[in-house]
Amino acid sequence: MPAAVKRILPQLITLLGVMVLVSLVFPDFLSIDYSDGRLVGPVIDVLKRGAPVALLAVGMTLVVATGGIDLSVGTLMAITGAVAAAAIVAGHGLVLAIVLALAAGLCAGGFSGFLVAVVGIQPIVATLILMISGRGIAQLITEGRILTFNMPGFAFLGSGTLLGVPVPVWIWLAVTALAIVIVRRTALGLLIESVGINRRASALAGVNARVILIAVYMASGLCAALAGIITTADIRGADANNAGLWLELDAILATVLGGNSLRGGRFSISAAVIGALIIQTINTGILLAGFPSEYNLVIKAVLVILILVVQSPSLAGDLKRLGSQLSRRAPRRSAKAAPQRSDR
Amino acid sequence: MKKLLAISVAVMGFGTTAAVAETVGFSQIGSESGWRAAETTITRQQAEKRGIDLRFSDAQQRQENQIAALRSFVAQGVDAILLAPVVSTGWDNILMEARDAEIPVVLLDRRIDAPDDLYMTAVGADSVHEGEVAGGWLVDEVGDRQCNVVELQGTTGSSVAIERKQGFENAIADHPNISIIRSQTGDFTRSGGKEVMESFLQAENGGRNICALFSHNDDMAVGAIQAIKEAGLNPGEDILTVSIDGVPDYFRAMANGDANATVELTPNMAGPAFDALQAWWQDGTLPPKFIQTPSTLYTQADDPEGEYQRRKDLGY
């Protein structure tokens, strides 16, 4: 088995398990129809609705790999969405609206990166600044209301279809592929990991840690801008109060479900994106199952705890040890295997 | 924590020439929603129309800011105070201070847990009644036809969501041909409404089992209408939509034939409040403890385009 596949195998198995579980409560979960030139079905909804968190997870994984965390991405979605909507309402056209939104994301990411890399503020605090105050910026842009616009070209990014598949799905697939190529076909991924494991040592070894750090926060800001554009385009309006609300936490959860350590170091973007799909499968599954809405968060919490416990490396070690102890007690079976802790 | 950077406490006086102009302090929650912004706009308009000197204070969703604003209104010796309370508890002390200073306090929109001799009156809508009006429209519209309703709930556990749901259920209780087949929360947001509606459509045979949508607010309904369109159905015809709030975007959807009805939650809470205050100033008439604002039903027949034009600049 290639190493790349082996790395994402636990996440794939988890995703499969969650899909089976959802199929039990909603049997038609896997059915996909083709009508009006587009694919329709719950799985397609998962891929489409999972787009914002999948995009955020790409950026978050890079930040987390440096040992940092970016709490501002949910708020950045609101800001960039507001920027795009305001540009459209002001009559600036599709291209400029997108460019301005992406630029806003890059600037905000650069600001957080500057605070972390140059000023030396801890990442959780540095990004908390924008998380808290950023909604105010978004509200100033939208003047506190939902800024509605009518531009089919922009709405296409959120609810359009290309070759039968929703456009947001293409966007997150492309961004994920591009990010993987950039970090794995160059030394960049290695440099990010080395900064995450030991910033000082990598600086001494000649890695420009400062630039790398600012770059990952800018990448995260860019991903958040794309997520903000998709969300805003989807509802044809910028909702500064609610766009991306708490999604930074879902993005961190996706990164962790992807087996990435919050302490930094080795990372897998594809596993984090699968983590995002796991979260969305749970969300969509809860909606389809038709439980009363009071149960939504409880079901989600139980599933997430269960998945994280099952994926825990130390539990895997304990289980292995327990297994070997049991087999030692059993007669006629030699149990030479010493208990092993498999830490990733 | 929704709104932290915003306009700081701004005290604005609308100049009036009359020397005897009454001064009223208004402590607003903050700009939590478009409706709230419209309420602020209309309160200012109403004050200007009546020649009342309005002092406005934005609390940015924090009770301590509201208490500070009320205390400063008392110190300024205003003639009355309008309060849109951010939470329901913890008002007793500051209201006693206002009472000791003989300044009447009128609550807008939301209610509080405090003895009712601490305030003059409360102006607001009855959410149960709103749900009943919405349900009543659907009952009249479908007649004896079998009708499966999907419901988009507001934020789970919020009193508005509970009461609007209750009212709607009251209205359809005696009509076994109307039943709610799916009910989920869309958190009062447009994107929440769209996502949940997509799952409803998915789960109910592409939406073909659904006869009507009842949404606890217009924002969710606007999102749901987009979802219905994207599923290839015709909102307003294939799936009837009835909702509550009366925001401009929903009126536009009605004008386009995509939505059927809405029950307005009027942002004009200040009008009845000023009426009550002026009656009291004039001849000492005390208003009842609760002044219910009208919950008006608007349908496609009620000039939705005109209603949209009238509302679009109110700050929604």
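Visitor: With which residue does A:R49 form a salt bridge?

Guide: This is a predicted model, so local features are considered where pLDDT is at least 70 and side-chain atom pairs where pLDDT is 80 or more. A:R49 lies in helix α2 (residues 42–49) of chain A, and its partner sits in helix α11 (residues 209–235) of chain A, 185 residues apart, so that the pair links distant parts of the chain. The closest N and O atoms of the salt bridge are 2.9 Å apart, and the partner of A:R49 is A:D234.

Visitor: How many salt bridges does a search of the whole structure find over all chains?

Guide: The pair of A:R49 and A:D234 is a salt bridge within chain A, while the count between chain B and chain A is five. For the whole structure, with all chains included, the search gives 31 salt bridges.

Visitor: How far apart do the C-alpha centres of domain 1 and domain 2 of chain A lie?

Guide: Chain A is divided into domain 1, which covers 10–311, and domain 2, which covers 313–344. The C-alpha centres of these two domains of chain A are separated by 39 Å.

Visitor: And what radius of gyration does chain B have?

Guide: Chain B has 10 helices and 12 strands, and the box that its C-alpha atoms fill, taken along the principal axes, is roughly 65 × 40 × 35 Å. A compact globule with 316 residues would have a radius of gyration near 20 Å, and chain B agrees with this, at 21 Å.

Visitor: How many residue pairs are in polar contact across the interface of domain 1 and domain 2 of chain B?

Guide: There are zero salt bridges between domain 1 and domain 2 of chain B. For polar contacts across the interface of these two domains of chain B, with both residues at pLDDT 80 or more, the number of residue pairs is one.

Visitor: What area is buried between chain B and chain A?

Guide: The contact brings together 34 residues of chain B and 39 residues of chain A. Carbon and sulfur atoms give 51% of the area buried between the two chains, which is about 3,000 Å².

Visitor: Which element gives the largest share of the side of chain B that touches chain A?

Guide: Across the interface of chain B and chain A there are 15 residue pairs in polar contact, both residues being at pLDDT 80 or more. The elements of chain B that give two or more residues to this side are β7 (178–185), α6 (190–203), α7 (218–230) and α8 (248–255). The largest share, nine residues, comes from α6(B).

Visitor: With which residue of chain A does B:E198 form a salt bridge?

Guide: The count of salt bridges between chain B and chain A is five. In the one formed by B:E198, the closest N and O atoms are 3.1 Å apart, and the partner is A:K48.

Definitions and conventions
Residues numbered from 1 in each chain as written. Chains lettered and ligands numbered in written order. Heavy atoms only, no water. Salt bridge = Lys/Arg side-chain N within 4 Å of Asp/Glu carboxyl O. Polar contact = N/O pair within 3.5 Å; in protein donor to acceptor, adjacent residues only side chain to side chain. Contact = heavy atoms within 4.5 Å. Buried area = accessible area lost by both parts, 1.4 Å probe. Helix = DSSP H or I, 4+ residues; strand = E, 2+ residues; numbered from the N terminus. Domains from an automatic or database assignment. Rg over C-alpha atoms; globule rule 2.2 N^0.38 Å.
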